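Morning, everyone. I have one model to walk through, and I'll keep it brief. Please have a look at it first.

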Amino acid sequence: MAEISQDHDNTTPSNLNFDDPSLVIAAAMTAGCNRLTASDEQVVFAWLVSLAPNHDPAIAASNLVEYYDGAGRTASMPSLLGLLAEVAAYPRERLSRVRPHRRRRR
């Protein structure tokens, strides 16, 4: 998992507000897979666009996975937490090493 952001402490409840500012993930986890009308991908996309531009999505995703996994709530939305774990696997440092392949026009 990615390291915890230095901007906040992982033990305070306010972290959830920092890592899930629109509470999209919290609402999805509360609703569970039976009552959720959006796909997991739509939920993750809505969550991503709600994050502050300077907050690394990988760190936020890692914190959320750790929070919900530690709370024993993984059974309600395992596929959503799987997508968040995938986001957590790609911190900004790792993404910055990937160079886009651009085709040059001739």
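Confidence by element, then. This is a predicted model. Helix H3, residues 40-50, has the highest mean pLDDT of the elements, at 95. Helix H6, residues 92-96, has the lowest, at 69. Across the protein the mean is 78. Of its residues, 68% reach 70 or more. Now look at residues 1-14. The pLDDT there is below 50. That stretch still has 22 contacts in the model, beyond near neighbours in sequence.

Who meets whom? From H3 we have Asp-40, Glu-41, Val-43, Val-44 and Trp-47. From H5 come Ser-79, Leu-80, Leu-83, Leu-84 and Val-87. Seven of these contact residues are nonpolar, one is polar and two are charged.

Keep Trp-47 in mind, as one of the contacts of Asp-20. Where is Asp-20? In the loop between helix H1, 14-19, and helix H2, 24-35. Buried or exposed? The relative accessible area of Asp-20 is 0%, so this residue counts as buried. Leaving aside neighbours within four places in sequence, Asp-20 touches Ile-25, Ala-26, Trp-47 and Leu-64.

That's my part. Over to you.

Conventions. Residues are numbered from 1 along each chain as its sequence is written. This is a predicted model: local features need pLDDT of at least 70, side-chain atom pairs count only at pLDDT 80 or more; totals for chains, interfaces and linings use all residues. Side-chain values use heavy atoms; hydrogens and water are left out. Helices (H or I, at least four residues) and strands (E, at least two) are DSSP runs, numbered from the N terminus. Buried means under 20% relative accessible area, exposed over 50%, partly exposed in between (1.4 Å probe, protein chains only). Contact means heavy atoms within 4.5 Å. pLDDT is the predictor's confidence in each residue, from 0 to 100. Ala, Val, Leu, Ile, Met, Phe, Trp, Tyr, Cys and Pro count as nonpolar, Asp, Glu, Lys and Arg as charged, and the others, Gly among them, as polar.
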